Amino acid sequence: MENAGFRIEKFIMKLFIAGKEPNSNMAYHNLQEICSGERGRICRIEVVDVLENFEEVFGEKIVVMPTLIIETPDLKSKARFFGNLEEKKEILRYLNGIQ
Amino acid sequence: VIKNPVIKNDRSVTKSELIRRLDEAEAMVESLRKNEIDAIIGEKKVSFVRWREVEEQLIIARKIAEDRASELEDFSYSISHDLRGPLTVIKLCVELLIDDYSDKIDSTGQDYVRRINSSTNKMIDHINHILNLSKVISHELQKKDTDLNAIVLRTVSELRQSDPDRKVKVHIHKDLTVYGDEKLLEIAMNNLIGNAWKFSSKNNQAEIEVGKIDQNGNPLYFVRDNGVGFNMNQSKVLFNSFKRLHPDHMFPGSGVGLSIIKRVINIHGGEIWAEGEPDKGATFYFSLPSRI
């Protein structure tokens, strides 16, 4: 039986955006959709606005915004996705492959 | 403290890692291509990319320009069309005056009637030119192999019929088949050769040559006359609508002809330019892309 409060983090979704630019907004919206429902329990979303938090981009070698980095807590897998994340299929395929 | 990432010559990268990086780079380029990127980081700066915005503005600007152009076409078409109706009536009445009432009008009156007649003819001619121009603007290209020789021969024989007193030597090269819209090319050649015919009228030994030369392996067509020519510093304004280089009493015309020719050649993807010298003549060169 499912426990609604049960939460285990399997993915850390780090989204790098540029302020309120249209693609950044769309990427955030799409990421929320991807992490909704069942998947919400295993995903943690972190949003980094590079206009406010520029230092972060150096650690991750970010080149374009929006960029989404998906990591597992054990740091064994890491993937990058670019753009407004309109193509959710690719991300979902990746998530399903890791699980 | 921000440290620049150290670039190492990393030789230990595995093949699979390289492939992964390549895939990433491709994905990044793809999202750039699809205008899904807002900003790029480089040189410690965030540069905004607003292609979508620029593109949208371009689309709007293009739409406005197209609307204006088509309004203008409609406008010039309807104006010319509406003017032609009453003008035809005037022309008819003037002709009736000449035919049936000449004996009832004194010579001064007859002179007035003749002037009305010639001005009316001129105006009809101008309006037909403007109508032609708006037709050329809104015409859809239908390209096929087109025999320029035949068009030129037709044009010249029409000119000879309408102006039987003129003796003009016309030399036409063989094999002038081009790939283009026959109707439009006929309009253009009519205008080009009509010009050569008109502007060589002060020369007793007028000659017109229509032919083709080779320019870097591509055919370059030309229409040459030994008429009044023009000053090369006016070669740029030559093709503007309603631009006249010569006074109307010397060479009547509307000034629309060359802009029609230019339009026809340009929508075929070709270029047109002219070379001339006062009292020596003019040569109009034009290119037409061959069938791909």
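I began with the link between the chains: the side chains of Glu24(B) and Arg80(A) meet in a salt bridge, at 3.6 Å from N to O. I took a salt bridge to be a side-chain nitrogen of Lys or Arg within 4 Å of a carboxyl oxygen of Asp or Glu. The model is predicted, so local features need pLDDT of at least 70 and side-chain atom pairs pLDDT 80 or more, whereas totals for chains, interfaces and linings use all residues. Residues are numbered from 1 along each chain as its sequence is written, chains are lettered from A and ligands numbered from 1 in the order written, and side-chain values use heavy atoms, without hydrogens and water.

**Entry 1. The interface**

I counted 1 salt bridge between chain B and chain A. The two chains also have 8 residue pairs in polar contact, both residues at pLDDT 80 or more. A polar contact is a pair of N or O atoms within 3.5 Å; within protein, one must be able to donate a hydrogen and the other to accept it, and residues adjacent in sequence count only if both atoms are side-chain atoms.

Which elements of chain B give two or more residues to the side that touches chain A? They are α1 (15-33), β1 (39-42) and β2 (45-48) of chain B. Helices (H or I, at least four residues) and strands (E, at least two) are DSSP runs, numbered from the N terminus. The largest share, 4 residues, comes from α1(B). I sorted the residues on this side of chain B into 10 nonpolar, 2 polar and 8 charged. Here Ala, Val, Leu, Ile, Met, Phe, Trp, Tyr, Cys and Pro count as nonpolar, Asp, Glu, Lys and Arg as charged, and the others, Gly among them, as polar.

I found 20 residues of chain B in contact (heavy atoms within 4.5 Å) with 23 residues of chain A. The chains bury about 1900 Å² between them, 66% of it on carbon and sulfur atoms. Buried area is the accessible area (1.4 Å probe) that two parts lose on being put together, summed over both. In chain B, Glu36(B), Asp38(B) and Ile41(B) lose the most area to chain A, together 31% of what that side buries.

**Entry 2. A sheet across the chains**

I traced an open sheet of 3 strands in the order β3(A)-β1(B)-β2(B), with antiparallel pairing. Its edge strands are β3 of chain A and β2 of chain B, each pairing on one side only. Strands count as paired if DSSP finds at least two bridges between them. β3 of chain A (residues 64-65) and β1(B) are joined over 2 bridges. Met65(A) stands opposite Ala39(B), and the bridge partner of Val64(A) is Ile40(B).

Chain B has 6 helices and 9 strands, and buried residues make up 33% of its 292 residues. Buried means under 20% relative accessible area, exposed over 50%, and partly exposed in between (1.4 Å probe, protein chains only).

Why is β9(B) largely enclosed by the rest of the structure? I found 6 of its 6 residues buried, so the strand is largely enclosed. Gly281(B), Thr283(B) and Tyr285(B) cover one side, and Ala282(B), Phe284(B) and Phe286(B) the other.

β9(B) runs antiparallel to β7 of chain B (residues 218-225), with 5 bridges, and Thr283(B) is the bridge partner of Arg224(B). With β8(B), the antiparallel pairing has 6 bridges, and Phe284(B) is the partner of Ala274(B). β8(B) and β9(B) form a hairpin with 3 residues between them, and Asp279(B) in the turn has a positive phi of about 65 degrees.

Helix α6(B) (residues 257-267) has buried residues including Leu258(B), Ile261(B) and Ile265(B). The buried residues of α6(B) pack against α3, α5, β8 and β9 of chain B. Gly269(B), with a positive phi near 85 degrees, follows α6(B).

**Entry 3. Other salt bridges**

I counted 22 salt bridges over all chains. Glu60(A) and Lys14(A) form one of them, at 3.8 Å from N to O. Glu60(A) lies in helix α2 of chain A and Lys14(A) in strand β1 of chain A, so the pair ties together parts that are 46 residues apart in sequence. Glu60(A) is buried at 11% relative accessible area, and Lys14(A) is buried at 15%.

Within chain B, Lys63(B) pairs with Asp67(B) at 3.2 Å. The two are 4 residues apart in helix α2 of chain B, about one helical turn.
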